[in-house]
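Hi there,

Here is the structure I promised to pass on. Have a look at it first, and then read on for what turned up.

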Amino acid sequence: MLKIGDVAPDFQLPGSDGNVHSIRDFSGKSLVLYFYPKDMTSGCTLQAKGYTELYSQFAAKDAIVVGISPDSLVRHEKFRQKEGIPFLLLSDSDSKVAKAYHAFGKKKLYGHEYEAVIRSTFVIRDGVIIYAEYGVKPKDDPKNILEKI
C-alpha cells in the first residue's frame with residue numbers, strides 16, 4: 001500500500017474532458033484522486049454527489065478532485081450529466097493505474113471472492129502522496145478528505 005511521503009505513480013489516462021491526463025497536469029495544486037468501482041451505482045453515486053456538493057470548498061483550498069474508475073468515457077459522460085458532476089473523471093479500463101496505487105484487489109460479496117477496484121482516496125501534491133486511505137466509506141470520504149487538506 002502507498003503511504004504518506006511516497007512518490008505517486010504517474011499515469012496517462014483519457015478523461016471525460018476529451019484529453020489524456022497525467023499526474024504532472026496537476027502540479028502546484030492538491031490533487032484529490034479517488035478510485036471507485038463503477039459509475040451509476042449507489043455507493044459510487046453517493047461518493048460523487050458528496051464531492052460535487054463540496055466542490056467549491058475544495059476549489060477554495062486550491063484542490064482539484066479527480067475520480068478514476070474502469071468505466072468507459074461514454075459511461076463517465078452519462079454519469080456526469082445525470083448527477084451534475086463538475087469534476088474530471090478518468091477511464092482506467094484495464095485497472096492498470098488502480099493496481100499501481102494498490103487500489104485493486106480481492107473483495108468478497110455474498111461469499112464469492114473476486115477482484116475489483118477498492119474504493120481508495122489519495123491527496124497528492126507535486127507528485128508526492130500527502131494522504132492515503134484505502135477502503136473508504138462513500139458517504140464519509142468527501143468530507144473527511146476536505147478536512148485533511
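Is Glu83 buried or exposed? Glu83 is buried, with a relative accessible area of 19%; buried here means under 20% relative accessible area, exposed over 50%, and partly exposed in between, with a 1.4 Å probe and protein chains only.

Before the rest, some ground rules: this is a predicted model, in which local features need pLDDT of at least 70 and side-chain atom pairs count only at pLDDT 80 or more, while totals for chains, interfaces and linings use all residues. Residues are numbered from 1 along each chain as its sequence is written, and side-chain values use heavy atoms, with hydrogens and water left out.

**Salt bridges**

A salt bridge is a side-chain nitrogen of Lys or Arg within 4 Å of a carboxyl oxygen of Asp or Glu, and by this rule there are six salt bridges. Glu83 takes part in one of them, with Lys49, where the closest N and O atoms are 3.6 Å apart. That pair links distant parts of the chain, since Glu83 sits in helix H3 (residues 73-83) and Lys49 in helix H1 (residues 42-53), 34 residues apart. Helices (H or I, at least four residues) and strands (E, at least two) are DSSP runs, numbered from the N terminus.

Arg24 and Asp10 meet through their side chains in another salt bridge, at 2.3 Å from N to O. Arg24 lies in the loop between strand E2 (20-21) and strand E3 (30-35), and Asp10 in the segment before strand E1 (13-14), 14 residues apart. Arg24 is exposed, with a relative accessible area of 51%, whereas Asp10 is partly exposed at 39%.

Lys29 pairs with Asp62 in a salt bridge whose closest N and O atoms are 2.9 Å apart. Lys29 is partly exposed at 32% relative accessibility, and Asp62 is partly exposed at 32%.

**Asp71**

Asp71 is in the loop between E4 and H3 and is buried, at 6% relative accessibility. Leaving aside neighbours within four places in sequence, Asp71 is in contact (heavy atoms within 4.5 Å) with Tyr36, Pro37, Lys38, Asp39, His76 and Ser91.

Enjoy exploring it!
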